[in-house]
Amino acid sequence: MAMALRLYLLLIVFVSSAIVSFSLYEDQVGLMDWHQRYIGKVKHAVFHTQKTGRKRVIVSTEENVVASLDLRHGEIFWRHVLGTKDAIDGVDIALGKYVITLSSEGSMLRAWNLPDGQMVWETSLHSAQHSKSLLSVPVNLKFDKDYSILVFGGGYLHAVSPIDGELLWKKDFTAEGFEVQRVLQPLESSIVYVLGFLHSSEAIVYQIDSKSGEVVAEKSKAFPGRFSGEISAVSNDKVVVLDSTRSILVTISFVDGEISFQKTLISSLVEDSGEAEILSPLLSNMLAVKVNKRTIFVRVGDQGKLEMVDSLSDETAMSDSLPVADDQVAFASVHHEGSKIHLTVKLVDDLDTVLLRESIQMDQHRGRVDRVFINNYIKTDRSNGFRALIVMEDHSLLLLQQGAIVWSREEGLASVTDVTTAELPVEKDGVSVAKVEHTLVDWLKGHILKLKGSLLLASPEDVVAIQEMRMKSSGRSKLTRDHNGFRKLFIALTRAGKLFALHTGDGRIVWSTLLNSPACARPSGISLYQWQVPHHHAMDENPSVLVVGRCGSDSSSPGVLSFVDVYTGKEISSSDIGHSVVQVMPLPLFTDSTEQRLHLIADTDGHVHLYPKTPEALGIFQREFQNVYWYNVEGDDGIIRGHGMKSSCAGETADEYCFTTRELWTVVFPSESEKIISTLTRKPNEVVHTQAKVSTDQDVLYKYVSRNLLFVATVSPKGAGEIGSVTPEESALVVYLIDTVTGRILHRLSHQGCQGPVHAVFSENWVVYHYFNLRAHKYEVTVVEIYDQSRAENKNVWKLVLGKHNLTAPISSYSRPEMFTKSQSYFFPQSVKTIAVTSTAKGITSKQLLIGTIGDQILALDKRFVDPRRTLNPSQAEKEEGIIPLTDSLPIIPQSYITHSLKVEGLRGIVTAPAKLESTTHVFAYGVDLFYTRLAPSKTYDSLTDDFSYALLLITIVALVAAIYITWALSEKKELSEKWR
Amino acid sequence: MAKLTPFFFLSFLIISSSLAFQSDEFGLEGAQQQTPTTRKRYSDPDSDSKVQFSLEHAFGDSDFSPAGTFSARLKSWSHGGKTLTKLRFSRNGFSDEEKDTFKNLLKGDDFYRIRLPSNVISPPGKEFVVASVRARCLPRDGLDEHFVIHMEGANVLAVSYGSLGACQYPRQFKLPAKWSFNSHTILKSSEQAPRTPIFTEEILGGENAEGEVEPPPERSFWAKYWMYLIPLGLVVMNAVTQATNMAEEQTGGQAGGSQVQQSARRR
């Protein structure tokens, strides 16, 4: 027995000393993690519904994604995420087999193979100035070598061969004050018309030979007045422009190169006219104008005469016109009525002919219809059928066909701006969720299957069964709290102002809600806070989150607070707070009797407002009034200011929850040498398990753990641009650690010849930051650890025993800080998008850095690799402690990519949240895609793994018991025979 | 290989000698030096020039008023940089009126605020650099104050202001025994980060092979199957004891037999 114990101890030592590198087995993929692929809000859509082949729609989105979607199910055939600066201006299909995209303000033209999305060619176009970018791919179904793609962008008109992307010719339109508005090429014509305005008051039409790019003719005519930029091309030889007073529509016709203007007063079309706006849909011989919140349709006659044909009172989304059979052109419009939307397809020439009228029940939480794209198909009875792709206000994408929603995609999740976590409800007695669990026989069967699997006896069918069982196992998608805290909700706020609750088990949307406000129709969400987290008291209250939004894009526009119940997704209340929102500060540790957290909101006038507005909260706040400090960073001016509370602003307003503040400290960065590029604080809810760190020589270092530390990184203004735009001598990076109560600079380190962007992570008493070293031409990572020296005398055990230590004395920020820092730098071979750190319930588990790499993957790097105590030749004692010998660069171990083979396209942020089980942490990464996994940085030392075979244990015990009985029986028998001898 | 990471670049700490000598000086001359000196600049043709800049203070929310003068030498380097050296500080003592206001601050545990211009050559520069402290932190025997001025060339980035030692919380109301300032000043400029050391491939390879080797297969085998192996070990041990007992039994006869029985039951 003693030997077994010794063996066991030895094993424990063995296991714990092993370098833990996180990795998965192939069959574990998808057990704890999920990955969702999105594309973002659709801007353009081009249908490809030829008779042969799969029906698909090509879309380009605001997240710079070009994708091909299956029209039947809405799945992604292929997609490409272009860079963040590579916004897509236009998308079209050429030659029936290439998808052409124009991006980067008309300077990048690419062709993708339609079936599989491979890039066929890419042409970079010369660009000299900012201008509109126009893509024109002639509609020509026949394979014709002669025609070319016309691209206008950056002041040049380019003709590009669709076959290989070769630049055929280019024409310069960069003349001063000249703005190209339209490029038109009539069908079966070799003349390209380029219409532009000179100084917004003269229309010029160039006729260009489409073969050679030579200017054939040039006509111009001055306009008595000025044009506004809004234009609509109604036919091949006419455009309609709004003049700068926005009250006159001007029809410009340029038949055969002769320009003629025809003015029409909008007041002659509608009675109560105000400022007009031309809407974007392209309708043939017709245009849509928005006047006084009404949409009017104006038909353009042959002579350029305008007449109003229809008007719609409420907000209506319209599609471009679409040619249907017999030279007819149709367009679709969608409008709301209650909880339904009405889709109408009409002929452009005859608005009374309704080709299709459908009403579809629509979820209120999708908001209004934003965009419509239609496509037609021939039904079996030779009539036209229509399908409509609609983009809703919450960015979701839906396909409507035959009066029903065929499929929908929640594309709002591609633009997540803030994430927080929430608990699920506790399993109630009486409501047995466990009854779906299988019987004992099933349970045993399952475990025997698992056993087979682990003993490599399983047949391929068994393997499939095991995998399936694992995927469905243990009710991981149940909507109740579990013992380990593995089931949680991630609450995500999207740019569209919609709130989603995602289940950690399988990533499904538990609920979603679109924010509303009494003050404005759709407030834009800014950030998300945990408002009420029932913990000790008030257990019967549902937890809730606070969404801070504002009406309008300006920072001085009034703010909106919205409280959302986490269990149900219902908006509990929404209030218009009547002041602007600059900064939201959750007050740490302050909760009222219903466990609502106290928040301070700073406005543009320098006042702060206390929420919730209850007398109880006010009482709690006033007790700590003297000890509340806050700071703000004025990034443009390079000033950081600290503030203290002064008094209630009763003198100015009657609001007793409003307070004035005073400036206590400032840090002023000289504008000629430093520019703030990054600021960072610790996570307010982070748990630090131990304040002391015992080093190998039995020495104790005390961590300087302060919640009031701010990490600031500045670079020389010259070095704020792209990497490599400056010489090493011109650029320096300086990092600071500033105490936000007193404004003391605790640590200041300058890196000569280094440059941003800086990505940093701050946890416990350390900061790790990533930047570019221009001298070494490499990325670097530096770690700074801060230790407290004022408590360094507390090493003596007797002092601790006799209570003569100062460990329990309150620490004041006004004491002179006695601290020292240790830092070390390493090269890091990759560019980084974001860095996060794992967080666990008690902070005992060692930490891992989660590095979002440029390849949109997440690398888990042990904190031990960025430890300033690493030395070149660690002593035996140091090695035992787990100090890794110093290397000049950090290793990238391919197995430690927690995203394994997946990519989180367009990665923007990583959020970690602790599970109840100490060893485990939740990791949620968002970008265009979403990815979730559960991590155990030091392996799951406090629980058995999921694939632990209970059956084997059971069988072993049974076998043991059996063996005991057999041996007992044998010995009895033997004894008996001995006695008989 | 020698250690490559010593702190080569120590900061340029210039601790102006202050202590008792200066505080005495202020005690005596404070009143005469009151005049809010216009900041004179002696622009030497040489690389060195003298600069003066003033310290201003405020009690609670009052306006700022002059409280002392810093003077230093401004050294211009050939590469265009400028640094401040030999900082001297002369502090004005509190007037009677100021003493009363300060007492009020002490009673109310309010803030005593100071400010410096953010540029010493052309004050105030972009803006004043402000720092503040709870008034109750200052009184000891006299009034202890400690300035750490963070410089970047001729610009003042920030000033840390407070008492020399700890400031106990909760702060006690205590009047200073002497109304004279005991000032300490430190000029601090940025510390240079040490260069990231580059090791030769050889060392790197050697260290890697030693330090970051993958866990050996036995270890992972143990780590994975220990829960099976321990029962197995128990079975084996059981069998072994059984076998020895059997042997004993063969020699010891009946007594041994009953022992086996017992041991078997025990398990």
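Student: Which residue stands opposite Ser750(A) in strand 10 of chain B?

Tutor: That is Gln192(B). Keep in mind that this is a predicted model.

Student: How do I read the rest of the interface, and how many residues are in contact?

Tutor: Start with the contacts, then look at the area. Here 77 residues of chain B are in contact with 74 residues of chain A. Together the chains bury about 6,800 Å², with 57% of it on carbon and sulfur atoms.

Student: How many polar pairs and salt bridges cross the interface of chain B and chain A?

Tutor: There are 17 residue pairs in polar contact, counting pairs with both residues at pLDDT 80 or more. The rule also finds four salt bridges. One of them joins the side chains of Arg662(A) and Asp110(B), at 3.1 Å from N to O.

Student: Which element of chain B gives the most to the side that touches chain A?

Tutor: Helix 4 of chain B does, with 16 residues. The residues on that side of chain B divide into 35 nonpolar, 22 polar and 20 charged.

Student: Now a feature within chain A: in which sense do strand 37 and strand 38 pair?

Tutor: A general idea first: side chains in a regular strand alternate between the two faces of the sheet. In this case, strand 37 (498–503) and strand 38 (509–514) of chain A pair in the antiparallel sense over five bridges, and Lys498(A) stands opposite Leu514(A). The two strands form a hairpin with five residues between them. In the turn, Gly507(A) has a positive phi of about 80°.

Notes:
Residues are numbered from 1 along each chain as its sequence is written. Chains are lettered from A and ligands numbered from 1 in the order in which they are written. This is a predicted model: local features need pLDDT of at least 70, side-chain atom pairs count only at pLDDT 80 or more; totals for chains, interfaces and linings use all residues. Side-chain values use heavy atoms; hydrogens and water are left out. Two strands pair if DSSP finds at least two bridges between them. Helices (H or I, at least four residues) and strands (E, at least two) are DSSP runs, numbered from the N terminus. Contact means heavy atoms within 4.5 Å. Buried area is the accessible area (1.4 Å probe) that two parts lose on being put together, summed over both. A polar contact is a pair of N or O atoms within 3.5 Å; within protein, one must be able to donate a hydrogen and the other to accept it, and residues adjacent in sequence count only if both atoms are side-chain atoms. Ala, Val, Leu, Ile, Met, Phe, Trp, Tyr, Cys and Pro count as nonpolar, Asp, Glu, Lys and Arg as charged, and the others, Gly among them, as polar.
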